[in-house]
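Here is a short report on one protein chain.

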Amino acid sequence: MWYRATSLALLAAGLLLVGCDRQGASDALWLDYQRQLAEALATAPPTPASPDNIPAFPGPSERLFEIPETREGLLDVHALRRCHITTLVAERNSALGRVAPPSQRWHYELELWRRLESCRGSDVAEALGEADRARLERLTTTKGEQLARVSWNTLLGSSEWVGNFSRASRPLPPQGIDDLSPHLDALDYLETATRNQFNQEWQLDTSTLEGHLKTLQQSPVSARLLRTLMLTNQRLDEANALLATQLQRGAVCEQRDALRRLGEAHLDAQVQPFIATLEQQTAAWFGALDRLYDAHEVARAPIRDYHRRWFSLEAPDTPWREFQAARATHETLWNRLRRACGLEQGA
C-alpha cells in the first residue's frame with residue numbers, strides 16, 4: 001500500500017513537472033501574477049485555460065503555384081546558343097538540376113530570363129531567322145510571366161519557411177528572442193531579392209540567400225511569436241475578468257499594501273517589461289512579414305488569407321488586435337484600482 005501511494009505521488013509530481021515544462025517560463029510568469037493578484041484582492045485565482053494551438057500552415061497544394069515545364073527541342077535551343085542559354089538549360093536538365101532546392105530553381109529561372117531578355121534587345125536577335133526570333137520572343141515572355149510564380153514558390157516551397165510556422169513550437173521566454181536582428185535581416189534580403197528580380201542591375205547571390213534561409217531555420221520565429229501572443233491574450237483576458245469582477249463588487253482595498261507591492265514587484269517589474277518586449281518584437285516581425293508578402297506580384301489566396309487572419313498588424317479580429325485591446329483593458333482596470341485604493345505614486 002505504501003509503495004502504491006508513493007508511486008502515485010511520484011507520478012502526479014512527474015505529470016505536474018511535465019505540464020509546467022510544456023507551458024514554459026512565460027506561462028509560469030502569468031500564472032504566478034494571476035495568483036498573487038487574486039491573493040491581493042482576497043479572492044480565488046482564475047482557472048487558467050489552455051490557449052489554442054496556432055493554426056496549421058496551408059499545405060503545398062494550397063500555397064504553391066503550378067508552373068508547367070517549358071519544352072523546347074535540342075535543335076531549337078541550339079539555335080539560340082548565341083543568347084548563352086545552352087549551358088544553363090543543360091545544367092537545369094541534369095540529374096542534379098532536377099532535384100535542386102527551390103532557391104536554386106529561382107536562380108536558374110532568374111538567370112535564364114535575364115539572358116533571354118538581354119538577347120531579345122541585342123544584335124543577336126536581329127541576326128536570327130524569323131522562326132528563331134519568334135521562339136526567342138515567346139520564351140522571353142513565358143519565362144518573364146513565370147518568374148513571379150517561381151519566386152513565390154521559392155519562398156513558400158522551402159522547408160525553412162514552412163518550418164517557421166511549425167505548430168510544435170513553444171512560447172517564447174519572458175525576455176523574448178535574444179537577438180531578432182539576424183532573422184529580420186533574412187526577411188529584408190528576401191524582400192529585396194523579390195522586389196529586384198526584374199531589375200537587370202541587381203544580382204541574386206545564392207550563397208547569401210541560402211545563409212538567410214538557414215537563419216530562418218534556426219528558430220520558428222513566426223510560430224513562437226504567435227504562440228506567445230495567443231498565450232498572453234488568454235492570460236490577460238483571465239486577469240481582466242478577475243479585476244473587473246472584484247472592482248464591480250467593491251471592497252478591493254482591504255489589502256492595500258499587498259496591492260501596492262504587487263504593482264511594483266510584479267506588474268511594473270515583470271509583466272509590463274514582458275508585454276513591452278512582446279509588442280516590440282511582434283510589431284517588427286509581423287511588419288517585416290507584411291512587406292515581404294507585399295513584394296510578391298502574385299500570391300496564392302490561402303496564404304494571403306492565413307497571413308491576414310493571424311499575422312496582420314492592420315486587419316481586424318487578429319491576435320495582434322486582441323493583444324492591443326487586452327493590454328489596454330488591463331491598464332484601464334489597474335488605473336481604476338489605483339484610484340479606488342489611493343495607490344497612485346506619491347499617495
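Residues 24 or more positions apart account for 84% of the contacts in the protein with a separation of 6 or more. Contact means heavy atoms within 4.5 Å. The model is predicted: local features need pLDDT of at least 70, side-chain atom pairs count only at pLDDT 80 or more, and totals for chains, interfaces and linings use all residues. Residues are numbered from 1 along each chain as its sequence is written, and side-chain values use heavy atoms, with hydrogens and water left out.

The protein has 15 helices and zero strands. Both are DSSP runs numbered from the N terminus: helices are H or I with at least four residues, strands E with at least two. Of the 347 residues in the protein, 44% are buried. Buried means under 20% relative accessible area, exposed over 50%, and partly exposed in between (1.4 Å probe, protein chains only). The protein exposes about 18000 Å². Carbon and sulfur atoms supply 51% of that area. Accessible areas come from the Shrake-Rupley method with a 1.4 Å probe; for residues, only the protein chains shown count as cover.

**Two helix pairs**

Two packed helices are described by the angle between their axes and the distance between the axes. Axes are lines fitted to C-alpha atoms, for helices over the stretch in contact, and angles run from 0 to 180 degrees between N-to-C directions.

Take α12 (residues 221–249) and α15 (residues 319–341). Their axes come within 9 Å and cross at roughly 30°. The two helices are therefore roughly parallel to each other. Angles under 35 degrees count as roughly parallel, over 145 as roughly antiparallel, 65 to 115 as roughly perpendicular and the rest as oblique. The crossing of α12 and α15 is left-handed. That term applies if the near helix is turned anticlockwise from the far one by less than a right angle; clockwise is right-handed. Residues of α12 in the contact include Leu226, Leu229, Met230, Leu236 and Leu243. Among those they meet in α15 are Trp320, Phe323, Leu333, Trp334 and Leu337. By class, this contact of α12 with α15 has 15 nonpolar, five polar and four charged residues. Ala, Val, Leu, Ile, Met, Phe, Trp, Tyr, Cys and Pro count as nonpolar, Asp, Glu, Lys and Arg as charged, and the others, Gly among them, as polar.

Next come α13 (residues 256–295) and α14 (residues 301–310). Their axes come within 11 Å and cross at roughly 160°. That makes α13 roughly antiparallel to α14. The crossing of α13 and α14 is left-handed. From α13, Phe286, Leu289, Asp290, Tyr293 and Asp294 make the contact; from α14, Ile303, Arg304, His307 and Trp310 do. The contact of α13 with α14 has five nonpolar, one polar and three charged residues.

The table gives location and relative accessible area.

| Residue | Location | Relative accessible area |
|---|---|---|
| Tryptophan 113 | helix α6 (residues 102–120) | 8% |
| Histidine 212 | helix α11 (residues 206–218) | 17% |
| Alanine 315 | loop between α14 and α15 | 12% |

What do these residues touch? Neighbours up to four places away in sequence are not counted. Tryptophan 113 touches Thr140, Lys143, Gly144, Leu147, Gln197, Phe198 and Gln200. Tryptophan 113 and glycine 144 are 31 residues apart in sequence and 6.1 Å apart in space, C-alpha to C-alpha. Histidine 212 touches Asp185, Ala186 and Tyr189. Alanine 315 touches Arg308 and Arg321.
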